[in-house]
Amino acid sequence: MTRSQWFILTSAVIWLGFMVGMAAYEQSVFDWHFAREEVPVHDGWHWARRLVTAGSSFLLVAALAQACLRSERIGGGGLVLAWSVTLLSVAGEALLGISPAAFARVGAEDSAIEWLSAMLLFGAAGLMALRLRTVLRLTPAHGPRWIPVVIAAGFTALFALMALEEVSWFQRQIGFDTPEAVAARNWQGEFNLHNFHTDITELALYSGTGIFLMLLPLLRESEVARWPLVRVLAPFLPDRTVAAVSAPMLVFTYSHWTLLPVQAAFWIGLAVCIAFARSSITRHGTVLWSTLAVWVAAGQLFMLAFGHTMVMIFDSSEYRELFISIGLAVYAFRQSRARDA
């Protein structure tokens, strides 16, 4: 095992061990559920765990950045899109500062934001179906043919499921009633899966997409992508352009801020922005990533400072899900243009 491999694996074990260990400790000692929605807490205990979470997250990113083998360039179209999405996130937080009531209305159930998120995810599913077609055409008959097929098909199904869940399978548009067996267990009495336990679903969504859209692009450029167990997955890893477009999603964290995996996703995203700013091969890229790093930090500070003015503590959730959908749609678009299996 090389020194860089040892550093990467050790930092990953430290990060994961702290996440699991702290969640188990808080559950057993304080009876704090690992997935809960609450106003951010800033006492001594939460500051201590916050510092350790930030430190372990930055350590993991530093290990991957040190093992970087190449630095991908963001094209002109990607730069324009990244700047546009960033400005859109600034406008979202400005709306909260100007009028919390308007912020709540724009992000309400069945709002334009919710439908735009669903349309982006439906589009992402269609684009991944095109990727699946390419994989089926190009994957050789010998070797691990099933792996890329399963990955492409899995993403197609996942994005379609996420889109249908976003609009509760068109329940309100079609007008059918929720079956009694479902309504009895669904937190909102709707015909969907994610509200059987909304907190766990949101924990998985926010932390999972944070890792996928921000950390994996850095891993893609590192030596880890050449490890035998990872090499077959490398064609499906999101790239630096996807990370740039996705970074603004990080600033809409409020009612899930105390959840360690979600908070870790924020620190990882911030650290990745800094790492990409340092390794960018173009001046435009350096400026973009430096701006993103500043905005991710400042935007989250703004959310923590003014989040209490929101009508409901979860009002920022639909905004975050919109920016997640944008990131996933860009990922699917870039995958649909890939010409390898």
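Tutor: A salt bridge is a side-chain nitrogen of Lys or Arg within 4 Å of a carboxyl oxygen of Asp or Glu. The model is predicted, so local features need pLDDT of at least 70, side-chain atom pairs count only at pLDDT 80 or more, and totals for chains, interfaces and linings use all residues. Residues are numbered from 1 along each chain as its sequence is written, and side-chain values use heavy atoms, with hydrogens and water left out.

Student: Which residue forms a salt bridge with E72?

Tutor: Side chains of opposite charge can pair when their charged atoms come close. For E72, the closest N and O atoms of the pair are 2.9 Å apart. The partner in this salt bridge is R70.

Student: Is E72 buried or exposed?

Tutor: Buried means under 20% relative accessible area, exposed over 50%, and partly exposed in between (1.4 Å probe, protein chains only). The relative accessibility of E72 is 14%, so E72 counts as buried.
That of R70 is 39%, so R70 counts as partly exposed. The state asked for, that of E72, is buried.

Student: Which residues are linked with R70 in a network of salt bridges?

Tutor: The structure holds 6 salt bridges. Some of them form a network that includes R70. The residues linked with R70 there are E72 and R220.

Student: How far apart in sequence are the parts that E26 and R49 tie together?

Tutor: The side chains of E26 and R49 meet in a salt bridge of 2.7 Å, N to O. E26 lies in helix 1 (residues 3-29) and R49 in helix 2 (residues 44-66); helices are DSSP runs of H or I with at least four residues, numbered from the N terminus. The pair therefore ties together parts that are apart in sequence by 23 residues.

Conventions. Helix = DSSP H or I, 4+ residues; strand = E, 2+ residues; numbered from the N terminus.
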